[in-house]
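Q: I'm new to this one. Can you walk me through it?

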Amino acid sequence: MSVTTNKPRHTEPADTADLAAPAEALEAPKPSLLTRIPGLKIFAAPEATEVQVSNEAGILFGEWAPFESKGSILRVKKSAAAKGLYAPLAPGAPSTTRQAEILNTAKIAAPTGVDGVSAGRDVLSQTAVSKDAVTDYNANPRRVTSTNCLLVGDVGTGKSAYGKCVYVLRPVILRQRRAVVFDKKNEDGEGEYSQIVRFFGGKPIRFALDKTSVRLNLLDPEISGNNDDGQNNQLAFLNTVPALMREGQGADEWERKALRLAYRNVMASFEGERIPTTADLHDRLGIIDRSDSSLYGFNAASLERLEASGAAMRLIFNELLEHFGAIFDGETSAGVALNGKVSSFDISQLPDTGPVIPMVMGLSNLWLLGRVRKDRGIRTNVVIEEAGHILGGPLAVQQRSNIKLSRGLGISNIYCMHKETDVPAGSPGMAVIEEAQTVHIFRQTRPQSAQWCASTFGLNPESVTEIMALPNGHHFLKSAADDPEIEIEHVRSDWEIQMTNTDGALVETPVEA
């Protein structure tokens with residue numbers, strides 16, 4: 001192809017009829033009037049630099065410089081129009097709607113403002129992304145109405161490292177902020193957050209089934225708080241103990257009545273004295289004070305049934321103390337405390353099966369709510385690793401009922417899970433997940449899991465295959481129902497990489513010769 005400059009403009013490649021009269025086709029535009037008036041020439045548009053291009057067929061046509069171009073150059077000759085040649089001179093490149101999004105500058109602008117904490121780099125625009133559920137909730141107008149957050153993805157996709165950076169290390173440097181973690185993953189005999197807790201001057205709250213464990217009293221006054229809300233929460237948790245110990249078979253109405261009578265009796269008996277313990281509650285189960293006004297109208301048969309139900313509950317709590325007494329038998333240890341910017345409930349040494357993990361997580365969560373009541377004004381990120389333990393069983397009802405209370409206390413719950421099967425469909429735990437308005441979706445290799453993420457959180461249907469192919473450290477962020485998802489790359493400093501490393505047991509250490 002040859003190019004010559006300073007030729008008259010031609011808007012159409014000449015067809016057979018046009019080649020005979022090139023002078024008419026290459027008529028030059030008239031100069032602007034402003035260029036002929038002294039002093040006003042500076043306001044005239046710049047003159048276009050025209051080129052004349054010959055294509056492979058030897059046909060000449062003119063082109064305007066980019067600042068004069070009005071999109072694709074169309075055929076305007078009557079002879080061409082008569083032949084149906086309405087297409088642009090230059091054929092377009094094939095594309096898809098998804099690819100063409102980049103042509104819209106609004107799509108590649110920075111997807112978020114600068115409020116909150118650094119949450120990564122937008123893959124499309126290569127700009128920094130800032131995100132923080134607490135900041136979004138306090139914005140005017142509010143960007144979200146729920147501070148619940150969810151991280152979901154396969155093992156090894158960078159989910160834990162992202163949670164440590166964005167929900168622990170970075171927000172705690174802000175004023176009146178702290179983080180509390182339910183630490184499930186074992187790393188060198190302790191929870192993976194232990195190094196971070198110690199860095200900020202704290203000590204992990206370590207649970208185990210031996211004498212090294214801290215104790216957590218089911219009747220701790222931090223939970224009851226000497227108020228109706230706290231006592232109702234404490235009693236509600238006691239009602240979940242039978243369901244956890246009997247693998248889903250909860251207490252019936254008679255057992256709940258017997259448990260409620262024993263609870264109120266023990267709390268009244270020790271008022272003004274020492275703190276009652278789980279063992280004290282155990283000793284009163286099955287013992288019915290027939291003069292209790294709440295038993296008015298009960299006949300002898302009903303009272304006998306109530307005593308039998310109390311005896312059944314006594315067996316449940318006896319088994320609890322026998323198997324898990326290292327944790328639940330006695331007053332709460334002094335080591336159970338929120339110690340500074342970062343605290344952790346280290347449950348990494350507890351068995352994955354059985355009732356102990358959900359029981360410790362549920363009771364610790366209630367203790368945390370009671371403790372936070374005394375720290376008004378401090379906003380707390382509560383990171384729940386392996387959230388299926390608390391959302392996939394009887395404690396999900398309690399967790400959902402406490403969400404509103406958590407929000408009033410400045411708590412943002414961050415649930416971390418692997419896939420949708422961690423929580424049964426239609427359960428109260430799934431309702432908690434669906435209420436989350438800040439969702440981080442890491443790679444899901446199973447098609448059904450990727451499809452579940454797209455449909456549950458309102459992602460573009462085309463994103464299903466993209467979720468399955470996300471690189472490590474990349475994820476889709478979905479914030480609020482109307483906002484489109486954006487792909488984020490997690491960027492860490494060298495110090496953050498050191499603090500968030502979770503594969504220490506797999507990394508080979510060079511052997512010195």
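This is a predicted model: local features need pLDDT of at least 70, side-chain atom pairs count only at pLDDT 80 or more; totals for chains, interfaces and linings use all residues.

Q: Where is aspartate 188 in the fold?
A: Look in the loop between β8 (186-187) and β9 (190-191). Aspartate 188 is not a glycine, yet its phi is positive, near 55°.

Q: What about glutamine 176, what is its phi?
A: Positive too, about 60°, and glutamine 176 is not a glycine. This residue lies in the loop between α5 (159-169) and β7 (177-183).

Q: How exposed is glutamine 176?
A: Partly exposed, because its relative accessible area of 37% falls between the cut-offs of 20% and 50%.

Q: New topic. Which residues does the cis peptide bond join?
A: Asparagine 140 and proline 141, with omega about 5°. Proline 141 is in the loop between α4 (133-138) and β6 (149-152).

Q: And cavities, how many of 30 Å³ or more?
A: One. The largest cavity has a volume of about 30 Å³.

Q: Which elements give two or more residues to its lining?
A: α8 (228-245) and α12 (356-372). The largest share, three residues, comes from α12.

Q: Which residues line the largest cavity?
A: Ile223, Gly230, Asn233, Leu366, Leu369, Gly370 and Arg373. They divide into three nonpolar, three polar and one charged.

Q: Is cysteine 165 buried or exposed?
A: Buried, at 0% relative accessibility. Cysteine 453 is buried too, with a relative accessible area of 0%.

Notes
Residues are numbered from 1 along each chain as its sequence is written. Side-chain values use heavy atoms; hydrogens and water are left out. On a 1 Å grid over the protein atoms alone, a cavity is a set of points where a 1.4 Å probe fits but cannot get out, and a pocket is an open set with protein on both sides within 12 Å along at least five of seven lines; lining residues have an atom within 4 Å of a point. Grid points are joined across faces, edges and corners, and a volume is the space filled by probe spheres set on the points. Helices (H or I, at least four residues) and strands (E, at least two) are DSSP runs, numbered from the N terminus. Ala, Val, Leu, Ile, Met, Phe, Trp, Tyr, Cys and Pro count as nonpolar, Asp, Glu, Lys and Arg as charged, and the others, Gly among them, as polar. Buried means under 20% relative accessible area, exposed over 50%, partly exposed in between (1.4 Å probe, protein chains only).
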